[in-house]
Amino acid sequence: MGVFEELRDEISKCTRCVELVKSRTQTVFGDGTPEAEIMFVGEAPGADEDRVGIPFVGRAGQLMNDAMKNAGIPRSMIFIANTLKCRPPENRNPLPEELENCSKFLAAQVAIIKPKIIVPLGKFGLERMVKKDLKISDVHGKPLKRKDGVIFFPMFHPAAALHQPKYREDIITDFKKLAKLLKREGLL
Ligand code: URA
């Protein structure tokens, strides 16, 4: 088993968050290859993801796939993960201790994949990958370059557009901006 599969196996056996272990059908490791140069970081699996075992396969995922396709970005070139690998009951927000418990798994995924571009989707991805106290409404669609050259490109969470349609245009526009960035970086 390679390191990636070992990590998937370790995650599938995790029992750190008592409530999530009880409520999950399965863990949701992530979707994509470890060779991906772009990584998306969402929040946590929802009901569809919990059932299927793949992130962003429900309505939010469909909206994201459409915006991605519209911008000419193939989903296959991205590794998609979440801050939590288990579905919180009733899709409640991740708790701070759950985020802490799961952070080593996300960090391990980043360490293996070594993405050149990281796209935090929504508040939880942004807080975990960039820093707290940033507002997604202030930083979405703007590349932030870290000292080591890794570029963060935060976006609204696609589920936001399901609840509030005004975010739909922002998401469509930001995906087009992401495509331009990928072209500039020679990745698309
Ligand atoms: N929302 C997320 O943040 N992640 C998923 O995988 C699905 C919905």
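Here are a few friendly notes on the predicted model above.

1. Ground rules. This is a predicted model, where local features need pLDDT of at least 70, side-chain atom pairs count only at pLDDT 80 or more, and totals for chains, interfaces and linings use all residues. Residues are numbered from 1 along each chain as its sequence is written, and side-chain values use heavy atoms, leaving out hydrogens and water.

2. Overall fold. The chain has nine helices and five strands, taken as DSSP runs numbered from the N terminus (helices: H or I, at least four residues; strands: E, at least two). Along the sequence they follow the pattern α-α-β-α-α-β-α-β-α-α-β-β-α-α.

3. Dimensions. The C-alpha trace spans about 40 × 35 × 30 Å along its principal axes.

4. Contacts. Take the contacts (heavy atoms within 4.5 Å) between residues at least 6 apart in sequence: 71% of them join residues at least 24 apart.

5. Burial. Of the 188 residues, 47% are buried, meaning under 20% relative accessible area (1.4 Å probe, protein chains only).

6. In strand 2 (residues 78-82), five of five residues are buried. Ile-78, Ile-80 and Asn-82 point one way, while Phe-79 and Ala-81 point the other. In a regular strand the side chains alternate between the two faces of the sheet.

7. Its partner. Strand 1 (residues 38-42) runs parallel to strand 2, and five bridges join them; strands pair if DSSP finds at least two bridges between them. Within this pairing, Phe-40 stands opposite Ile-80.

Notes: Buried < 20%, exposed > 50% of the residue type's maximum accessible area, 1.4 Å probe, protein only.
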